[in-house]
Amino acid sequence: MYEELFDQNLVSKLLVTIGDVSDVTGIPQRKLRYWEEKGIIQSSCQKDGTTRKYDYVNIKKILLIKELLDEGFTLESSVIKVEERIKKLQSAFNILKNKNEN
């Protein structure tokens, strides 16, 4: 059931432009650039140094922050909540990974 919602092969290769991220999330490119300048999200630049591309983790982070902003949280508190959520998820996955390796 969940395989339909999460294509790991696609996710591992997913890199999309700032324009595509803006279209999908509804967040203006200018705001995405601001968030990047503040260190909230990160892009990987192409060899020409001009094209911003975002991976799955950053797109997920953008969507979670937007959700919290829509609920009335400030940008700062939204970022803190999302970072905490990501840390908890990473910790849980690390524990599971270690259990499977033993």
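What follows is a walk through the salt bridges of this predicted model.

Side chains of opposite charge can pair when their charged atoms come close. The structure holds 3 salt bridges.

**Stop one.** Select Arg52 and Glu36. They form a salt bridge, and their closest N and O atoms are 2.9 Å apart. Arg52 sits in strand β3 (residues 52-55) and Glu36 in helix α3 (residues 29-37), so the pair links distant parts of the chain, 16 residues apart. Now show the surface around Arg52: this residue is partly exposed, at 24% relative accessibility.

**Stop two.** Select Lys61 and Glu83. Here the salt bridge has its closest N and O atoms 2.3 Å apart. Lys61 belongs to helix α4 (residues 56-70) and Glu83 to helix α5 (residues 75-101); the two residues are 22 apart and link distant parts of the chain. Is Lys61 buried or exposed? Its relative accessible area is 11%, and buried means under 20%, so Lys61 counts as buried.

**Stop three.** Select Asp70 and Lys66. The closest N and O atoms of this salt bridge are 3.0 Å apart. Both residues are in helix α4, and because they are 4 residues apart, about one helical turn separates them. Asp70 has a relative accessibility of 57%, which is over 50%, so Asp70 counts as exposed. Lys66, at 23%, counts as partly exposed.

Definitions and conventions:
Residues are numbered from 1 along each chain as its sequence is written. This is a predicted model: local features need pLDDT of at least 70, side-chain atom pairs count only at pLDDT 80 or more; totals for chains, interfaces and linings use all residues. Side-chain values use heavy atoms; hydrogens and water are left out. A salt bridge is a side-chain nitrogen of Lys or Arg within 4 Å of a carboxyl oxygen of Asp or Glu. Buried means under 20% relative accessible area, exposed over 50%, partly exposed in between (1.4 Å probe, protein chains only).
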